[in-house]
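Visitor: I would like to learn how to read sheets, helix packing and confidence in a model. Can you take me through one?

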Amino acid sequence: MIIDGKWHDKRSAAQFSASFKVSDDSFCINIETGTEYRGKLDSLELSDRLANVQRKIILENGSVFITNDNDSIDNIFKKRLKYKKMIHTLETKTIWILIAIVVSVIFGVSFFKWGIPYFSKEIAHSLPTKTNILISKNTLDLLDKHIFKKTEISQKTILQIREHFHSNIASLGKLEDGLKYNLHFRLLKSGDFSLPNAMALPSGDIILTDKFVQLCQSQEEMDSVLLHEMGHIVHRDSLQILISGTFISVAIMAIIGDVNFLADMSVGIGSLLISSSYTREHEHKADIYAFEKMLSAKIDPIAFSNIMNRMSEYMDKYLSSDDEVDLLEYISTHPKTNQRIAIAKHYSECFKKGLTTCSQ
Amino acid sequence: MKTLEFNGNASEYFKIWIVNILLIILTLGLYYPWAKVRNNRYFYANSALDGRSFEYHATGKQLFFAYLIAMGLFISYVVIQEVSPLGSLVILGILFLIIPWVILRSMMFKMRMTSFSNIHFGFNGDIKQAYINFLAYPIALYIGLFAIFMLMLYTKSIDGIAGSILTISLLVILIGVMIYGLAYIKKRSTHYFIDNSQYGQGLFKTNLDIKKLAIILSKTIGVAVLSIVVIFIVVGLITYLTIGIETIAGFNQVGEDPNILKNKIALILPMIIAIYICMIFAMIFIISYSLARHRKYIYENTNLDEKINFISTLKVFPLAWVLISNFIIIIFTFGFGTPWAKVRVARLMLKNTHVKAENGFDEYISKEQSNISSLGEQIGDVFNVDVGIGV
């Protein structure tokens with residue numbers, strides 16, 4: 001067999017036409033200048049095949065024979081290439097390409113759907129308690145400075161709420177050593193409008209706004225929301241959100257990273273869309289946490305439904321002019337209120353039957 | 001005069017790319033160095049001039065340990081950045097300090113691992129010059145600009161016409177120093193990259209004029225300002241006609257509640273997205289302008305042994321078009337169009353690169369080169385440090 005190609009002397013740019021002849025296990029290279037090299041095939045070094053790019057054979061004396069006739073080379077060195085050809089085989093067989101596409105898609109989707117939440121959860125729970133305190137440090141101060149105003153609730157009411165919470169509710173969701181629940185009361189206003197809200201910091205601090213306290217018509221209602229917030233703290237949701245955010249940015253960078261500067265610009269939109277779906281999941285889990293604790297503490301979960309209804313009615317009044325809320329379903333972080341209420345009602349059914357657990 | 005050509009094609013490269021991804025997934029990332037090698041080999045070997053091609057010589061084994069170290073550094077950087085603001089500041093400081101070293105080592109590794117027509121390239125820059133060019137000069141420029149800015153704050157407080165005149169003249173000086181300073185840094189860094197590069201025994205040499213670079217930079221800034229003005233006029237007009245100005249005017253009364261803010265955002269969301277996308281396109285256009293103009297000027301003034309010359313015919317609009325359409329391709333194919341996008345860029349770049357070598361390359365011989373670790377190159381890779389003149 002004769003293969004046509006080019007020949008370079010060791011470390012020389014000068015290129016000469018050459019032919020490569022094989023008989024049994026020896027070769028002969030004839031160069032256009034008249035020079036001839038002979039030897040055993042075993043003494044040659046061969047570059048791996050890659051698509052149809054130039055193949056390189058290095059002789060013992062360091063000179064190089066190059067050719068585009070990849071198929072003939074593969075044929076000659078068949079024995080030697082048995083395993084080395086594996087990747088090239090993957091790259092040329094349609095079935096493997098299809099498998100690769102399917103695996104990549106499945107992996108990509110599952111990574112975002114289950115992988116990131118799973119790892120975020122595992123990592124969040126394996127970090128020391130100190131991390132919780134570290135990331136919520138200054139948060140309340142910052143919120144006080146920019147968003148909250150001083151509460152207008154009477155000191156007596158505050159003391160009552162705290163007293164009830166610490167003696168009846170706090171013990172339902174045990175925190176790890178070093179953390180303890182702490183209730184804070186603040187006024188949150190938008191224009192002249194006082195807003196109901198409750199939020200939790202990883203350190204165990206729970207903030208209730210004045211309007212929320214006013215809207216609560218029973219102890220159970222307030223307890224249900226407090227348990228929801230405790231769920232966030234016990235689940236370490238803030239930490240999970242931080243960690244998953246990092247995963248998302250790095251993953252997007254890795255996907256688009258090849259195209260360099262475009263990556264930075266795409267991270268923003270991508271993160272927003274993906275992370276809001278994770279946050280909805282956290283809210284859902286905090287709801288379930290609250291319902292289960294309520295069942296075990298003999299509180300009717302319908303209370304959660306009642307307070308959610310009242311809060312959303314109240315907000316509707318405020319938002320009455322806006323009708324394009326649907327558009328934001330994509331980037332909304334909370335599950336739809338009516339879905340949450342439906343689940344609350346489901347748990348309430350269980351409660352009425354006297355159950356302490358409730359299958360979904 | 002000969003033109004470079006790219007002989008690869010997207011469907012062939014797609015197969016290599018997707019198998020790389022498959023193996024990276026199956027090995028949980030450990031295959032990456034080998035994937036990178038296959039990837040680079042494909043692009044280098046398919047780049048040809050006058051029937052002779054380039055070759056990428058690094059092996060997966062050679063990159064593997066450096067890759068592990070670089071990855072370890074990157075992961076600790078990401079983790080520390082999340083949990084401790086102070087820690088991330090310290091790490092950013094360290095990164096900033098090692099960038100010149102990373103650039104030097106990357107250049108050395110990349111050039112040595114590249115050959116054309118059997119001859120290896122080389123890079124012989126020294127570390128002191130790297131620190132001067134990539135650390136000292138940029139810091140000096142920032143300090144200078146900051147000082148002028150502080151002075152401006154002071155003159156602004158002076159009453160009367162004298163204060164205004166002083167402030168305006170300082171503004172002019174500020175802009176002048178910025179443009180001239182950046183042009184100087186560009187000149188120094190480009191000289192560093194090119195003048196220290198070798199092809200076999202041959203030496204590259206460039207000769208850039210700071211005034212020309214300053215003009216390119218000023219024009220780039222002009223293009224940037226113009227495109228932003230155009231975006232705001234267009235988007236503003238569309239907004240005015242569709243959403244109406246009242247919605248936007250009412251925006252500052254929203255207050256702080258996130259829920260209400262969100263509902264308001266829903267109304268103007270289409271506009272925000274439009275601005276965001278236009279901004280990305282404008283950014284790509286500005287980058288294309290700067291890249292094409294710099295490339296043309298730098299190539300014209302670069303030679304190898306004063307015998308071999310280079311010309312770039314890369315134009316702004318074709319480049320911007322390829323980059324913008326690539327962006328769209330990648331987004332809409334969820335990344336699966338990346339191979340196509342990369343092949344398009346390679347093809348465009350190479351067909352606009354011309355080499356004038358009357359006596360050919362036959363007289364060149366490779367020099368004996370010592371081995372070099374790939375650590376710097378891998379750190380640069382993982383942390384996305386831009387190395388080289390970007391052409």
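What follows is a short tour of chains A and B by question and reply.

Guide: This is a predicted model, in which local features need pLDDT of at least 70, side-chain atom pairs count only at pLDDT 80 or more, and totals for chains, interfaces and linings use all residues. Residues are numbered from 1 along each chain as its sequence is written, while chains are lettered from A and ligands numbered from 1 in the order in which they are written.

Visitor: What pLDDT does chain A average?

Guide: pLDDT is the predictor's confidence in each residue, from 0 to 100. Chain A averages 84, and 89% of its residues score at least 70. Residues 321-331 of chain A stay under 50. The model has 14 contacts beyond four places in sequence for that stretch. A contact means C-beta atoms, placed from the backbone, within 7 Å. Where pLDDT is low, the predicted coordinates should not be read in detail.

Visitor: Which strands form the open sheet of four in chain A?

Guide: Strands of a sheet pair through backbone hydrogen bonds, either parallel or antiparallel. Strands (E, at least two residues) and helices (H or I, at least four) are DSSP runs, numbered from the N terminus. Two strands pair if DSSP finds at least two bridges between them. Here the order is β8-β9-β13-β12 of chain A, with mixed pairing. β8 (149-150) and β12 (198-200) of chain A each have a single partner strand, so one side of each lacks a neighbour in the sheet. Helix α9 (residues 219-234) of chain A packs on this sheet and touches β12 and β13 (205-209) of chain A. The direction of α9 makes about 25 degrees with that of β12(A). β8(A) runs antiparallel to β9 (residues 182-187) of chain A, joined by two bridges. Lys150(A) faces Arg186(A) in β9(A).

Visitor: Which residue of β7(A) is the bridge partner of Trp7(A)?

Guide: Phe65(A) is that partner. Phe65(A) is also the bridge partner of Ile57(A). β1 (residues 2-8) and β7 (residues 64-67) of chain A pair antiparallel over three bridges. β6 (residues 55-58) of chain A pairs antiparallel with β7(A) over four. β6(A) and β7(A) form a hairpin with five residues between them, and Gly62(A) in the turn has a positive phi of about 90 degrees.

Visitor: At what angle do helices α4 and α12 of chain B pack?

Guide: Axes are lines fitted to C-alpha atoms, for helices over the stretch in contact, and angles run from 0 to 180 degrees between N-to-C directions. α4 (residues 85-112) and α12 (residues 375-382) of chain B pack at about 110 degrees, axes 7 Å apart. They are therefore roughly perpendicular. Angles under 35 degrees count as roughly parallel, over 145 as roughly antiparallel, 65 to 115 as roughly perpendicular and the rest as oblique. The contact includes Trp101(B) and Phe109(B) of α4(B), and Leu375(B) and Ile379(B) of α12(B).

Visitor: How do α1 and α2 of chain B cross?

Guide: The axes of α1 (residues 10-26) and α2 (residues 32-45) of chain B come within 9 Å and cross at roughly 175 degrees. That makes α1(B) roughly antiparallel to α2(B). Among the contact residues are Tyr13(B) and Ile16(B) of α1(B), and Tyr32(B) and Ala35(B) of α2(B).

Key:
Contact = placed C-beta atoms within 7 Å.
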